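This briefing is for a reader who is new to the structure shown below. Please look over the sequence and the model before reading the points.

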Amino acid sequence: MNLVGLMVVRNSDWCIGLTLRAALTWCDSVVVLMHNCTDETLDIVAEVNRETLRVVPLVDLALDWEEMRMRQTMLEVGRELLHATHFAIVDDDELLTGNLLGFAGPGRKSSIREHVEQTPVGSILMLPWLQLRDLGYVMASGMWASQMASTAFLDDPEYYWAAKDGYDLHHRQPYGRAELTWYCPIGDRSEGLIHLQFASWRRLLAKQFLYQLVEQKRWPGRRSSLDVREYYARTVHEADSAALAAVPDCWW
């Protein structure tokens with residue numbers, strides 16, 4: 001198996017030094033596409049590549065965040081340059097829990113790479129999406145406490161990313177001849193993919209507001225302004241009111 005991670009980033013110097021290194025503990029290499037970064041992201045990615053020689057850095061200077069096009073670009077690089085057999089989808093604010101990184105043995109659960117290898121053709125590996133609210137706590141109630149994240153798949157030449165009806169945002173897994181079915185080998189939330197989106201409240205508010213502006217500017221007729229505001233406000237309200245549970249030590 002040649003597992004290539006795909007990571008699209010924008011001004012991620014607050015976390016990518018951690019998350020990129022974490023991805024390289026279970027991916028054979030990672031394609032990092034940096035969109036119009038104005039912070040230290042490029043320098044940090046270059047530093048990690050010097051350490052590992054397993055990063056393919058790409059720079060995109062397009063004015064708009066064209067997510068589907070950028071994901072397709074990374075997919076093509078992974079196929080043509082790195083000859084990937086499998087792909088992992090890991091965003092710049094995500095990292096696996098530590099208890100998924102080890103090799104399986106007597107009395108131990110399967111490792112992430114075993115889960116990837118066992119993902120059937122036409123399916124996508126889904127992991128529990130664990131929403132870190134603060135450094136020591138994870139969200140334990142509400143919409144975000146039960147989410148799953150599409151994480152890895154066995155490649156097929158038919159898979160691709162593209163804008164649908166002009167909409168070029170928020171579609172994590174690739175399209176294909178048919179919708180990929182979910183493969184969910186983990187039946188609880190004791191391990192999975194940690195999401196750092198909620199760890200900085202100020203950043204969360206700014207991100208959700210930016211999403212609202214992008215939606216209303218680029219796709220003004222897709223849904224009403226009120227619907228757009230309510231859609232993104234739900235994330236903030238859910239995070240603000242969710243019950244919290246302590247993060248297990250094994251995640252680190």
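Predicted model: local features only at pLDDT ≥ 70, side-chain atom pairs only at ≥ 80, totals over all residues.

Residues are numbered from 1 along each chain as its sequence is written, and side-chain values use heavy atoms, with hydrogens and water left out.

**Aromatic rings**

- Rings of Phe, Tyr and Trp (for Trp, its six-membered ring) pair if their centres lie within 6.5 Å; planes under 30 degrees apart count as stacked, over 60 as edge-to-face and the rest as tilted.
- By this rule there are nine aromatic pairs.
- One of them joins W144 and F198 edge-to-face, at 5.2 Å centre to centre and with 70 degrees between the planes.
- W144 lies in the loop between β7 (137–139) and β8 (148–154) and F198 in the loop between β10 (193–195) and α5 (201–218), so this pair ties together parts that are 54 residues apart in sequence.
- Helices (H or I, at least four residues) and strands (E, at least two) are DSSP runs, numbered from the N terminus.
- W144 is buried at 11% relative accessibility, and F198 is buried at 0%; buried means under 20% relative accessible area, exposed over 50% and partly exposed in between (1.4 Å probe, protein chains only).
- Y211 and Y232 form a tilted pair, 5.5 Å centre to centre with 40 degrees between the planes.
- Y211 belongs to helix α5 and Y232 to helix α6 (residues 225–241), so the pair ties together parts that are 21 residues apart in sequence.
- Y211 is partly exposed, at 22% relative accessible area, whereas Y232 is buried, at 3%.
- One aromatic cluster is formed by F87, F153, Y159 and W161.

**Charges over rings**

- A charge sits over a ring if NZ of Lys or CZ of Arg is within 6 Å of the ring centre and within 35 degrees of the ring normal.
- K164 has its charged end over the ring of Y175, 4.6 Å from the ring's centre.
- R222 lies over the face of Y167, 3.6 Å from the ring centre.

**Helices α1 and α2**

- Helix α1 (residues 16–23) packs with helix α2 (residues 41–52) at an angle of about 35 degrees, and the axes are 10 Å apart.
- Axes are lines fitted to C-alpha atoms, for helices over the stretch in contact, and angles run from 0 to 180 degrees between N-to-C directions.
- On the α1 side the contact (heavy atoms within 4.5 Å) is made by I16, G17, L20 and R21, and on the α2 side by T41, I44, V45, E47, V48 and E51.

**Two buried strand residues**

- V9 is found in strand β1 (residues 3–9) and is buried, with a relative accessible area of 0%.
- Not counting residues up to four places away in sequence, V9 touches residues including I16, V32, T41, W65 and D92.
- V9 and R113 are 104 residues apart in sequence and 24 Å apart in space, C-alpha to C-alpha.
- I89 is found in strand β4 (residues 86–89) and is buried, with a relative accessible area of 0%.
- Leaving aside neighbours within four places in sequence, the contacts of I89 include L6, R71, I124, F153 and W161.
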